[in-house]
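Here is a request from a student who is meeting a protein chain for the first time: could we go through its model together, one question at a time?

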Amino acid sequence: MGPEECKGAGETAAGPGNTDIYVQLVISLILGTSAFLAFCILRPRWKTLYAARKRHSDPKIALPALPDSFLGWIPALYRVTEDQVLASAGLDAFVFLSFFKMSFRLFATIFFFALVVLWPIHKTFEPDKKLPPGVFPNSTYSLELTRDYPPNSFTAFDDHGSDDLDWGWNYLSAYFVFTWFFSFLTIYFMNSETIRVVKIRQDYLGTQSTVTDRTFRLTGIPRDIRSEEKIKEFVENLEIGHVRRVTLCRDWAEVDKLMAERQVIIRKLEEAWSVYIAQRPPAPPASNGQEHDEASEGPQENGNDDEEAQETGRLLAGDSLRNLVSERQRPKVRLRFGFLKLRNRKTDAIDYYEEKLRLLDEKIHTSRKKQYPPTETAFVTMNSIAACQMAIQATVDPRPGQLLTKPAPAPTDVVWKNTYASRYKRQMQSWTVTIFITFLSLIWLAPVAVLAQLLSICSIQKIAPSFAELLTRQEIVKALVQTGLPTLVVSLLNVLVPYLYDYLSNTQGMVSQGEVELSTISKNFFFIFFNIFVVYAVSGSAALSDFWEILRNSLTDTRTIAKKLASSIQDLNNFYLNFIMLQAFGLFPFKLLQFGSISLYSIYRMGAKTPRDFAELIQPTLFNYGFYLPTALLVFILCLVYSILPGAHIVLLLGLCYFALGYFVYKYQLLYSMDQPQHATGGAWSMICGRIIVGLVAFQVIMIAFLVLRSAFRSAAFIVPLLVLTFWYHFYSRRRYTPLLRFIALRSINRGSDPGSESRPDEDLQQVAQQTRLTRRMSTIDEDREKGMRFVNPSLVAPLERPWIYQDPPPPLSPTESTNSRAGSPSSNEGSVATLPRANNNIVGSVSSSFSLGDTHIWRDSGDNNV
């Protein structure tokens, strides 16, 4: 392409052709196949990674063991039932996988009609255009995906014999008919699945009794009743039930800060001990060879006196072992002091951190006895689930913003540092993060626009003419630059940006990790939908090179965006096709392989020094729904938007592959290899339904704009009422289903498992038995896991950990030890020092091994030697 052609073509990126599709398909299949084969080979060998969750799960969960054969795990995974998913992974995983199953069933139905009805229509009425993939012009198979309409093709339909071009009564009427049909089909599948999720959620939560189910969070407490006794009296005066316990949140910032500082110091102490133990002591000088020979022959000559020698050695081990230990060089730490910290000196690191740990323990014990000022939040535990649900679902106080009741998160799910933060501070944090994310979404346009200039052939012609000439001659290289590179960049953004939004969600002041999880899903979806769908579609190409001009024009004419959406959506067919292809065939096998964890493992392994570090290496990877659900929702919207347009059957086929592969990959990870400690009781389903409605609205708006630009005004007008019905259904479903997705219905509560309540006389015994057989999730809402738990800040009651030096975790410090001893110093325990190894052969062993440094535990009680 020469400069003259660029002037005539403008600055938009060239659209990809059929070669690009073949290149992207080959790349995706090569990447995916290699990752899948690697997973099948490594899965039976690296069970600490690929069966980490099952290894740590409770044996009572009836989760089948997958065979170690190459492909035998696939049918075994397929046979895992929904009851087993609920039992081992909980409601959140069940809801997540239900979305993939519903999407597969929906798009399989739409794919049938797109293939049987719409494809022949496109083939018959538009044979002179560049055809969508899969069309057979002149009995030959064509894979030309790019549609290249003539300038006047949107209004030229004379060859179809239409006398009324303004109303567009022609084959385009099928567009509005299937827009209605597919919209109702989507709503039907979503509504049916919502009813099923609601029923299973109510049965699941109604058959258990945990402290979480009997506790509600009370906020906006007036100052005159901020005490446990007054709150208990106030709630019991409501006559909804008896209060079992009240935890009034107080300003625990001091003790929380001390505990966080203690964690830092104890890790530094463990690292210092690991460095000290890992040193090889220098060999003793062999100045007298005769003494060395006698020492080496001694055990042979005195073999009958082993018992006496061992006893003597234990009693008189002092000097030789002390000398051995004293020969090791103890690690040092540099301390800075004086004016502007200009002076410094080195001191013994072990003694320094032990002393700091002892002082911190004294401060913590003192701070735990202090009385802190109360805040406006409390956790109230009732004697029954029914009483708790009545309090949550009722309006307690007539004054706005005071004495508000909300469901309580699980005790392990509470973010305690946010419970004593003021409401206005948390609202300020929330609004600040929201405004920052809004500006960040706009800022993302700048680097993508810069990348767009580099991806345009004309822009490359200005910067590197020789490289642009190479691209015009080499079709495969051009396909890699124009198709593979944009898709890869977008996919990398999908992987990296969620980490930023997850961090921002954690700084937003939310009280529970479940709320943080849902907020991450919302933020990531907004980023993906706005930057990857709206911006790309409005720009008219995957390069975004003309987005700014379109944005300026849309400020003067609001129809600009709609027109651009309709005219460019076909040009983006290939880009989104490649995007779905790469996600399904290329990246899903890498997610199954956990390529990120494998890549980072070697880095973490080199940095691991202490047994605590090695123990953390073999913990299951955390499954964050906010990282995976937004991309799946975007693919859902893309399949819906392209379900009627030419080439729909290819997009839908790839969508079916995406949701089928995603279901198997995520099912394996949720059940066997990854852990999900957050507890949202299926709250993501309301968010999923809301985003599906967003996709329906986008689908209908694009079809209206598409038909208007094709002069099919009547067909476009008939879609407008569908928009109104979609919004009506959205508000109707929220009012009908949201309470059942947030609360537990009183009739769903199994009175037999609810303490403080009686069973219903009209209850079906068979149904009760079936519900009781449901096993609860072990990580957050299982009765066995929460048995004995209560809502209390761990900083107030958590046992103080000893430094972890050897294989097994040490027992916690007792109050007497932590205040009267130097943190159980290993250096003062002669019995423990006597068993120190001469080398660190085991401390850097396999993560699945023991990391043993000796059988004698370093914290063994040695009487008065522990000073």
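Predicted model: local features only at pLDDT ≥ 70, side-chain atom pairs only at ≥ 80, totals over all residues.

Student: Among contacts between residues at least 6 apart in sequence, what share joins residues at least 24 apart?

Tutor: The contacts in question are those in the chain between residues at least 6 apart in sequence. Of these, the share that joins residues at least 24 apart is 82%.

Student: Are the rings of Trp728 and Tyr732 stacked or edge-to-face?
Tutor: The structure holds 50 aromatic pairs, and the pair formed by Trp728 and Tyr732 has ring centres 5.2 Å apart with planes at 10°. Planes under 30 degrees apart count as stacked. With its planes at 10°, the pair of Trp728 and Tyr732 is therefore stacked.

Student: Where do Trp728 and Tyr732 lie?
Tutor: These two residues are 4 residues apart, which is about one turn of the helix. Trp728 counts as exposed at 52% relative accessibility, while Tyr732 counts as partly exposed at 24%. Both lie in helix 30 (residues 713–742).

Student: Is Tyr729 buried or exposed?
Tutor: Tyr729 also lies in helix 30, 3 residues from Tyr732, and the rings of Tyr729 and Tyr732 form a tilted pair, with centres 6.5 Å apart and planes at 45°. Buried means under 20% relative accessible area. Because its relative accessibility is 8%, Tyr729 counts as buried.

Student: At what angle do helix 6 and helix 28 pack?
Tutor: Two packed helices are described by the angle between their axes and the distance between the axes. For helix 6 (residues 82–89) and helix 28 (residues 648–673), the axes are 9 Å apart, and helix 6 passes helix 28 in a left-handed crossing. The two are oblique to each other, and they pack at an angle of about 45°.

Student: How far apart are the axes of helix 24 and helix 27?
Tutor: Helix 24 (residues 573–593) and helix 27 (residues 625–641) pack at an angle of about 145°, and helix 24 passes helix 27 in a left-handed crossing. Their contact includes Tyr576 and Phe579 of helix 24 and Tyr628 and Thr631 of helix 27. The axes of helix 24 and helix 27 are 11 Å apart.

Student: What separates the C-alpha atoms of Ala387 and Gly241?
Tutor: Ala387 has its place in helix 15 (residues 385–392) and counts as buried at 1% relative accessibility. Leaving aside its neighbours within four places in sequence, Ala387 is in contact with Ile240, Gly241 and Met382. Although Ala387 and Gly241 are 146 residues apart along the chain, their C-alpha atoms are separated by 5.3 Å.

Key: Residues numbered from 1 in each chain as written. Heavy atoms only, no water. Phe/Tyr/Trp six-rings, centres within 6.5 Å; stacked < 30°, edge-to-face > 60°. Buried < 20%, exposed > 50% of the residue type's maximum accessible area, 1.4 Å probe, protein only. Axes fitted to C-alpha atoms, helices over the stretch in contact; angles between N-to-C directions. Parallel < 35°, antiparallel > 145°, perpendicular 65-115°, else oblique. Left-handed = near helix turned anticlockwise from the far one by under 90°. Contact = heavy atoms within 4.5 Å.
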